[in-house]
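Please read it with the structure in view.

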Amino acid sequence: MRIDQVYKQLLKSQSKDGISAQEVADILGCSRPNVSHDLNKLVQMGKVTKKNGKPVLFRTSDVLKELKNITIIEKFSQDNPSLYAAVEQAKAAVLYPPNGMNILILGDTGVGKSMFAELLYDFAKDNKLIHSNSTFTVFNCADYANNPQLLLAQLFGSKKGAYTGLDENRVGLIESSDNGILFLDEVHRLPPEGQEMFFTFIDKGTYRRMGETDVLRRANVRIFAATTEKPESHLLRTFTRRFPMIIRIPSLKERTFSERVNLVNYFINAEAKHLNYEIRVSANSLNALMTYPCENNIGQLLTDIKFACANAYADYISGKRDHIRVISRLLPEHVKSTLFDNVEHRNIYNNYIPAQTKFAIYHPNQSFNYTDDVSENTIYDTLNKLVDGNNEVVPDVKYIDDAISEFFKNSTKNANKYSSFRIENLIDGKVLSVTEDIILNCENILHKKYRAEFKYALAKHIEGTLDRVKANQKIYHPNLNQIRLDYPKLFNLALDSLRIMERQLELTLPIDEAGFLVMILLYDEVAKRENHHTKIIVVMHGESAASSISDTANQLMGVDIAQGFDLPLDVKPQIVVDNIVSFIQEDSHVSEVLLMVDMGSLVHIGQVVEEKIQMKTMTVQLVSTLHVIEAVQKSIAGLKVNDIYNEVLNVSNLIEQKSSTYQLIPSVDRKLAILTICTSGQGTAVVLKNMIEKSFSYRKNYLDVIPVEFSNEIDLQTNLKQIQHTHTVIAAISPLSLSLNVNTFDADFIATDDGISKLQRLIDIETTSRLMYESLSNILSYVSPEEVIPTIRMFIENCANELSLSVTSNMVIGITMHMACLIDRLCSGLKSKNTEQIEDIPIDKNLHDVLVKNVHIFSERHSVYIDDYELRVIAKFFKNKIGTVNEIHKANTETNDK
């Protein structure tokens, strides 16, 4: 059988990381969907495990057991992406020399604070920060909240006779936890005197048993504490100061749906291990467990799963069933009621569980995962999955059609479903405020009003972006440069929107996010244009295929450019031809026609239609939702039928090519730095640093403001050399007259409007250039960003200086992306795109001379020749900036004249 061949091939590979379904299919000469089906069946049988990602990797269970490189805490972080920041904080606290930091964990009841603390205990043991035999002691302060004396005796121990009835010395938990970890749950129930005793112990490592005055004891204990309350309301400030690391665990409602899926899998697996039997869970039961309102968080989820498994086990041992089978009837009432109350749950559920799944099987010795490539239903996941995010050849076109149609249908339905007065109940207030500011800015620049539904659609996209950033997931747009070229005005607007998001939400976003914002803006930007366009006619065999695809494309783009003509098998093609001709003749806005057909005689109808309507017509035998969307989008942009035809063919090339996996972006070794400098003892450097941090907007993970105090020139140079080991200095600010090889600002100057503007522009340009490394590393093939960006920056600055232009961050992005891709193309051996059209591109002589003078730097550093055609294209970037400067100068002149 094929499944046996698949399993044998998996055993042969014995790959440490695993092997993809496509790789197995290529080796065996089978189709990928069939191999993928067999691999997922092997996962359910417990013989194979898989690792989600792009691509999904499969390996046999025996190989998994041999792997030692994935720690428990790393697996936990992968399964719980919304806890990524919390995990990184906790790891830093545990690893902090010499003995780690004390940690205070905040979170609602049932979020898993105790489990998180125990995870950190295992992490400390794995890293040999504590002995493998060290204890992890859990003490719930609420158990003795009504008896403070007994509570303190439990913690610190007590001397014989310390209170009535105590006839022997007793060891406290601090003493028994020496060289280990003491976890204080519900620490807010610790009385004030206990908190005071504790912070004395934390500071000095010494304590006394209750009733002891003559013996001072010592212990080395790490303290983890947890509370459901606000620390400032229930804990002494002096006590909370002893916990330098405070970590908040989000509630179940705040975590992603995929995390809940992982929790359900984990808990059912744990029950299977406990019972040492496989557990079969019905699809309906999984549906309910994934979606019911779980008010008491993870603790309640675990309890409800235990309840259902216990009922199933009772049916099994009583002989009612031959397996432990969890069905919806055995679930708690409040869990199974969601199957009837929540009508929206199936849209979510169907993204995670294949439609054919009846029962999922959990084995006692195998962790279970029934999903292939889980989608969070965002535009990122759809694009990654369908275009460039998977290292496997994209599946059959039918799967692409179904996935895109479903995504767009749901997106449109949701956008139309919620009116503006309800959106406040659905979107976080901060996200809504950012959305409104972005829309207001776009409306002012584009001189248009956005549809009411657009506010919801944009807000949901920004929410998805935030979730992705919180989960440390990559934001990557595979066609970023093409979008920048096709829609320069919208791209600049998207960059402005990116800065609004960064400033108000206090986060750093890659430039790739601008590509997605352009797509979002574009969908509304194109609504209801009245100019002439190329009509897209879709003709397919069947009852409703053509009309369905056309409606989806139109609905997405907000236009009515695509028209579907269905051809039932019992209808003659001539009838459809006549209908197409009549339809085109009735539409006065049609200038040209692109026919998109599926097969057979339809391939030849274009010539017949063209003869009858006397209009330029082309036919392409490519029909899928993706192709039609591309054709409509290019028609909106005003392309002629020939160009649209070629663009549609390019979509097929994109689908057929094998995508590369996401690579780790080569890190830029050093952060950027601004120095604030003064002589020693005056404190001016720190004052200037504070002023910079409050007055300027910058990405703190890319740039540091460093105060430097010195007593003499040698001292200053020594400090500078030390800083340059870890930072790239972009500016220095000082009240003193200094001679440094960087941009230097007088302290008084940066307090003026001109100074603020100039320094802010410098910060934006330098950080933008640093961000370009990440975006271009996904695009360039023959040169690296580290090689070309410094050269391009020098070229831009030299040209701008000679043209008396001020460089902006948007200008840096546009020219850098264009020229980096140009150099990459030239290094590959390709020639200029179309040197025959050189006369079609006007050129200013002075600008042309400046470019010719400075372009030689690329020949010297990269051995490429940039011809006159390419120079004229590059000139357009500078010409746009010159035009803007001239407009401003003209406006200022007119104002002065008045």
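In what sense do strand β19 and β20 pair, and over how many bridges? Strand β19 (residues 727-734) and β20 pair in the parallel sense, over four bridges. The model is predicted, so local features need pLDDT of at least 70 and side-chain atom pairs count only at pLDDT 80 or more, while totals for chains, interfaces and linings use all residues. Residues are numbered from 1 along each chain as its sequence is written, and side-chain values use heavy atoms, leaving out hydrogens and water.

**The sheet**
- Four strands form an open sheet in the order β18-β17-β19-β20, with parallel pairing.
- Strands are DSSP runs of E with at least two residues, helices are runs of H or I with at least four, and both are numbered from the N terminus.
- Two strands pair if DSSP finds at least two bridges between them.
- β18 (703-710) and β20 (743-746) are at the edges with a single partner strand each, so one side of each lacks a neighbour in the sheet.
- I733 stands opposite F745 in β20.

**Helices on the sheet**
- Helix α32 (residues 713-726) lies across β17, β18 and β19, at about 160 degrees to β18.
- Angles run from 0 to 180 degrees between N-to-C directions, with axes fitted to C-alpha atoms, for helices over the stretch in contact.
- Contact means heavy atoms within 4.5 Å.

**The helix pair**
- Helix α34 (residues 785-802) and helix α36 (residues 845-854) pack at about 145 degrees, with axes 10 Å apart.
- F795, N798, C799 and E802 in α34 meet V850, L851, K853 and N854 in α36.
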